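Please open the structure in your viewer and follow the stops below in order, selecting the named residues at each one before reading on.

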Amino acid sequence: MRFAYRRYDTPEQSPLDGATEVFRPEIPVRLIGSRGDVYVLGLLDTGSDSIVIGRGIAERIGARLSRKKLWRVHGFGGQSLPAVRGRVDVEIVHRRESLCWTVPISVVTYDDPDQDEVLLLGQSGFLPFFDVRFCGAEHLLEMKPNAQFPRRPKPL
Amino acid sequence: MPAKMKPAPKVPKKFSGQWIAWNHALTKIVGSGLTFDAALEAAERAGESKPFLTKAPKGPARFAGGTR
């Protein structure tokens, strides 16, 4: 599977390099819960220990949430957000290939809805199942399921 | 070196900080809004039943990932 990085114009130059656009290694995925599904772009984040989604999306699709297990997810710089554990099915559809499996997720509640992000595809439940190559100069990534991938039938 | 592939369309800066909805082929933006729901509804009004939702970076901010 090959995906082009998604490209975003930014209204101001980066103070680091003057760039006015950012490239993000995002891939299209379908998240499936008991009440429905959503199609979103997920950011491949090798620095994230888990898959992270906002509570709004999790509740919309009916993700299975465990309200007994509460903790805080910490980001760079030590900022933290309250989180609960959940499970959803995730599907990657790319041309004629479909990969679907059940993943554990960290469901976070944002203090400020304006800071809401979509989906981080991190280590637990996602990245260990793929061999991923980031081709920075070409702004594309290549990924293929490896022997650890938990294959299951395509969802309805 | 990987074979060339067509670059993704660029998201214009007018969408900075907004939720955006792509058509299912990821070739054009079919809706946007300040919330997930608003972008989704805009896409559905535009006739896209399976839009891909995402959020454009806001202002000069750069995402610094990594969570524990």
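Begin by selecting Asp37(B) and Arg60(A), whose side chains meet in a salt bridge with an N to O distance of 2.1 Å; keep in mind that this is a predicted model, and that the distance, like every other value here, is computed from it. Across the interface of chain A and chain B, the rule finds three salt bridges, and the count of residue pairs in polar contact between the two chains, with both residues at pLDDT 80 or more, is eight.

The area buried between chain A and chain B is about 4,000 Å², and carbon and sulfur atoms give 58% of it. Within chain A, pick out Arg6(A), Arg7(A) and Tyr39(A), which lose the most area to chain B and together account for 18% of what that side buries.

For the last stop, select strand S2 of chain A, residues 6–9, together with strand S1 of chain B, residues 10–11; these strands run parallel and are joined by two bridges. Which residue of S1(B) stands opposite Tyr8(A)? Centre the view on Tyr8(A), and the residue opposite in S1(B) is Val11(B).

Definitions and conventions:
Residues numbered from 1 in each chain as written. Chains lettered and ligands numbered in written order. Predicted model: local features only at pLDDT ≥ 70, side-chain atom pairs only at ≥ 80, totals over all residues. Heavy atoms only, no water. Buried area = accessible area lost by both parts, 1.4 Å probe. Salt bridge = Lys/Arg side-chain N within 4 Å of Asp/Glu carboxyl O. Polar contact = N/O pair within 3.5 Å; in protein donor to acceptor, adjacent residues only side chain to side chain. Pairing = 2+ DSSP bridges. Helix = DSSP H or I, 4+ residues; strand = E, 2+ residues; numbered from the N terminus.
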